[in-house]
Amino acid sequence: MTATAQLTATTLRNFVGGRFIETDSHFEKRSPVDGSLVAMVAEADRAAVDAAVQAGRAALNGAWGRSTVPERAALLRRIADRIDARFDDLLAAEVADTGKPLHLAREVDIARASANFRAFADMIASAGVDSYLTEAADGRRALNYALRKPLGVVGVIVPWNLPLLLLTWKVAPAIACGNAVVVKPSEETPSSATVLAEIMVEAGVPDGVFNVVHGFGQDSAGEFITTHPDFDAITFTGETSTGSAIMRASAPFVRPVSFELGGKNAALVFDDVDIDRAVAGLTRSIFTNTGQVCLCTERVYVQRGIFDEVTARLAESARSLRLGRPDAEGTTTGPLISTGHREKVLSYLELARQEGGEVIAGGGIPDLGSDLAGGAWIEPTLWTGLDQDARVMREEVFGPIAGLIPFDTEEEGIRLANDTKYGLAASVWTNDLERGHRVAGSMRVGISWVNNWFLRDLRSPFGGTGLSGIGREGGEHSLNFYSEPTNVCVTLSDAQPQSPVMPETAAAS
Ligand code: NAD
């Protein structure tokens with residue numbers, strides 16, 4: 001069945017052991033653009049999640065468990081090719097679920113999905129393992145080397161903001177390392193994962209290696225994964241509070257977790273900067289995907305001498321964004337993911353006013369006509385006049401919003417930017433080369449940009465400090481998380497007489 005046929009049939013099913021399966025309970029997926037019904041989704045019960053884990057285990061115990069690195073690298077490349085071939089189906093699925101502008105889904109979400117599989121095909125094909133020649137004090141010699149083994153069945157729980165991108169960011173290295181996965185997409189974005197299941201079949205992924213279960217978090221598929229005893233690891237992207245709940249649920253099983261969590265990311269703008277470049281960059285970093293990228297900027301610190309100019313220019317830029325349907329000419333900005341999420345964002349806008357903030361752009365729900373009235377639209381919003389301790393300057397909002405605060409010295413700017421319990425990303429805007437390196441290196445975050453934002457190299461480490469996560473993914477960091485090394489120690493020669501030249505030379509024990 002093609003993705004298009006499946007979506008118009010309005011029921012998205014779970015994918016377990018190479019087959020689409022139904023369940024008794026269904027939930028609605030509605031469009032954030034206008035509230036129309038996108039699909040009915042079969043909610044996985046405990047039995048469906050259990051069947052998915054068992055399917056993964058069976059695959060590991062079968063031919064998949066004996067697959068070689070070249071075979072898996074070739075498989076990842078076939079998946080990437082099929083993603084390219086089904087580009088339009090994935091694009092339609094992603095845009096239907098999220099309402100994001102077509103160009104954004106095309107350039108970021110879907111393009112990155114095939115890039116993830118190609119990148120990890122290259123990485124696993126060229127990855128080395130530790131190897132040491134051991135020369136013991138008594139003259140024994142041995143070769144130590146590590147074998148890279150899969151963890152087993154990995155639970156993959158992902159959010160709605162970049163659904164396919166974030167899912168494939170975890171699935172590609174997990175499969176590269178020989179694991180089986182049970183993926184739970186967000187209840188807000190079930191469509192692209194379902195199309196990906198079809199793609200896995202087309203690419204020849206063995207039954208049980210890739211499974212999809214749909215549903216919510218608590219008392220639903222998410223919790224059924226995290227409380228299931230047979231998962232060997234959980235990898236999660238989402239809110240910090242959810243990460244904390246997953247950590248508690250995983251504790252009895254002592255299994256590895258990888259957490260990519262929330263942020264309250266800062267931008268630091270110095271008065272030596274090219275203001276045009278900074279304003280263009282800040283506009284992207286605050287408003288891309290309607291502010292719903294974990295890396296988006298929500299705190300902007302501007303050196304006092306250019307504060308008024310940057311503030312005015314940024315407000316003008318925010319007002320120039322064009323909200324509209326994903327396929328409408330000139331649309332730059334889509335809706336929030338849901339009216340429920342809009343309630344949360346609006347509550348923070350109200351809080352900003354109560355805390356004494358001055359709204360300098362946006363601040364409410366736009367009037368986009370009756371046909372979009374059922375959508376989750378919100379105006380790109382900026383405020384000034386709040387200090388560092390205001391709640392809206394400390395808590396993640398996850399919308400198209402930011403607060404601007406002036407600073408005087410470099411030290412003060414660094415202190416303000418680092419004054420958060422989160423630590424995901426930062427951006428530094430300056431024309432001073434040394435300052436750029438110095439300040440970026442001083443940020444207590446997982447990724448720090450100088451004069452750009454969201455430019456990613458898939459080989460580099462990605463993750464957060466503090467409330468923003470545990471562990472790093474990307475490049476060898478992903479390969480390390482998704483594999484379990486076994487060290488093998490082989491004798492090369494037994495004890496020899498001590499060397500007369502350097503009798504006291506000690507080697508490893
Ligand atoms: P969320 O935590 O509400 O949900 C994420 C996923 O977890 C969903 O699939 C959800 O169904 C599931 N879930 C919820 N409660 C659960 C539970 N108790 N047990 C198991 N699963 C559960 O997050 P969201 O609203 O979908 O996404 C937005 C958040 O994700 C923001 O905080 C954002 O910063 C974060 N995020 C972080 C990164 C990163 O790389 N650090 C990337 C994207 C998004």
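This report describes the surroundings of the ligand and several strand pairings in a predicted model.

## Basis of the description

Residues are numbered from 1 along each chain as its sequence is written. In this predicted model, local features need pLDDT of at least 70 and side-chain atom pairs count only at pLDDT 80 or more, while totals for chains, interfaces and linings use all residues; side-chain values use heavy atoms, with hydrogens and water left out.

## The ligand and its shell

The ligand has 29 residues around it, and those that come nearest are Val158, Glu187, Thr242, Leu261 and Glu396. A residue counts as near if one of its heavy atoms lies within 4 Å of the molecule. By class, the shell holds 14 nonpolar, nine polar and six charged residues. Here Ala, Val, Leu, Ile, Met, Phe, Trp, Tyr, Cys and Pro count as nonpolar, Asp, Glu, Lys and Arg as charged, and the others, Gly among them, as polar.

Helix H8 (221-226), strand E11 (233-237) and helix H9 (240-250) each supply at least two residues of this shell, and H8 gives the most, with three residues. Helices (H or I, at least four residues) and strands (E, at least two) are DSSP runs, numbered from the N terminus.

One oxygen atom of the ligand is 2.6 Å from an N or O atom in the side chain of glutamate 396. For tryptophan 160, a side-chain N or O atom is 2.9 Å from an oxygen atom of the ligand. Leucine 261 uses its backbone instead: an N or O atom there lies 2.7 Å from a nitrogen atom of the ligand.

## Strand pairings

Three strands form an open sheet in the order E1-E5-E4, with mixed pairing. Two strands pair if DSSP finds at least two bridges between them. Strand E1 (11-12) and strand E4 (26-30) stand at the edges, each with a single partner strand, so one side of each has no neighbour in the sheet. E1 and strand E5 (residues 37-42) are parallel and joined over two bridges; in E5, valine 41 is the bridge partner of leucine 12.

Elsewhere, strand E6 (residues 131-135) runs antiparallel to strand E7 (residues 141-150), with five bridges joining them. Tyrosine 132 stands opposite asparagine 144 in E7. E6 and E7 form a hairpin with five residues between them, and glycine 139 in the turn has a positive phi of about 95°. E7 is also joined by ten bridges to strand E23 (residues 483-493), in the antiparallel sense; alanine 142 stands opposite threonine 491 in E23.

Conventions:
Polar contact = N/O pair within 3.5 Å; in protein donor to acceptor, adjacent residues only side chain to side chain.
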